[in-house]
Amino acid sequence: MSHPAQEPDIRIAIFPEDRFALAQFHGRANGGDVLAAGSEIVHHPDWQSGFTEVWDVRAATVSVSPPEVKALGDFEKDVKGLLEGSVTLIIVDRPMIRYSLQFYAQMVRPLGRQLQICRTAEEAAEILGIEALPALPEAAPGV
């Protein structure tokens with residue numbers, strides 16, 4: 001018996017006072033979901049270049065196909081000005097995912113992008129200079 005595909009639960013918030021954006025992924029997501037979240041972050045009215053992006057994917061399974069990797073790379077090129085001076089922290093606790101992200105980090109480095117992979121939320125919070133990362137509330141159904 002197959003189960004209907006569930007939409008991923010992706011929670012996003014911008015913290016201008018601490019100069020970072022947080023995206024927390026829950027469930028199954030794909031490259032299109034990552035692209036949509038990235039677009040939501042950089043086009044958010046509170047986002048400023050130089051802020052840090054924090055992507056917490058510990059509670060998710062994210063599968064990105066080769067064409068989606070290309071689309072993400074193209075997106076990085078398209079929004080280069082909005083990401084200027086920004087650092088991206090990705091929190092992931094699975095070694096194979098970290099390995100894949102290291103490949104992506106090398107791919108976007110020529111664009112001036114800096115990706116740093118963290119094993120824990122505490123490590124990311126320390127880099128940000130904050131006490132702890134907030135847990136973002138689940139969106140209301142239909143939102």
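Me: How do β3 and β4 pair, and over how many bridges?
Reply: In this predicted model, strand β3, which covers residues 52-63, runs parallel to β4 and is joined to β4 by five bridges; strands are DSSP E runs of at least two residues and helices H or I runs of at least four, numbered from the N terminus, and two strands pair if DSSP finds at least two bridges between them.

Me: Which residue of β4 stands opposite threonine 52?
Reply: That is valine 87.

Me: What's the strand order in the sheet?
Reply: The five strands form an open sheet ordered β1-β2-β3-β4-β5, and the pairing is mixed. Because β1 (9-15) and β5 (114-118) each have a single partner strand, they stand at the edges, and one side of each has no neighbour in the sheet.

Me: Switching to serine 86, where is it found?
Reply: Serine 86 belongs to the loop that links α2 (66-78) to β4 (87-91).

Me: Is serine 86 buried or exposed?
Reply: Serine 86 is buried, because its relative accessibility is 3%, where buried means under 20% relative accessible area, exposed over 50% and partly exposed in between, with a 1.4 Å probe and protein chains only.

Me: And what does its side chain reach?
Reply: The serine 86 side chain comes to 3.0 Å from the backbone oxygen of phenylalanine 51.

Me: Which residues does serine 86 touch?
Reply: Leaving aside residues up to four places away in sequence, serine 86 touches Trp47, Ser49, Gly50, Phe51, Arg113 and Gln114, with contact meaning heavy atoms within 4.5 Å.

Me: What should I know about numbering and cut-offs?
Reply: Residues are numbered from 1 along each chain as its sequence is written, and side-chain values use heavy atoms, without hydrogens and water. Local features need pLDDT of at least 70 and side-chain atom pairs count only at pLDDT 80 or more, while totals for chains, interfaces and linings use all residues.

Note on methods: A polar contact is a pair of N or O atoms within 3.5 Å; within protein, one must be able to donate a hydrogen and the other to accept it, and residues adjacent in sequence count only if both atoms are side-chain atoms.
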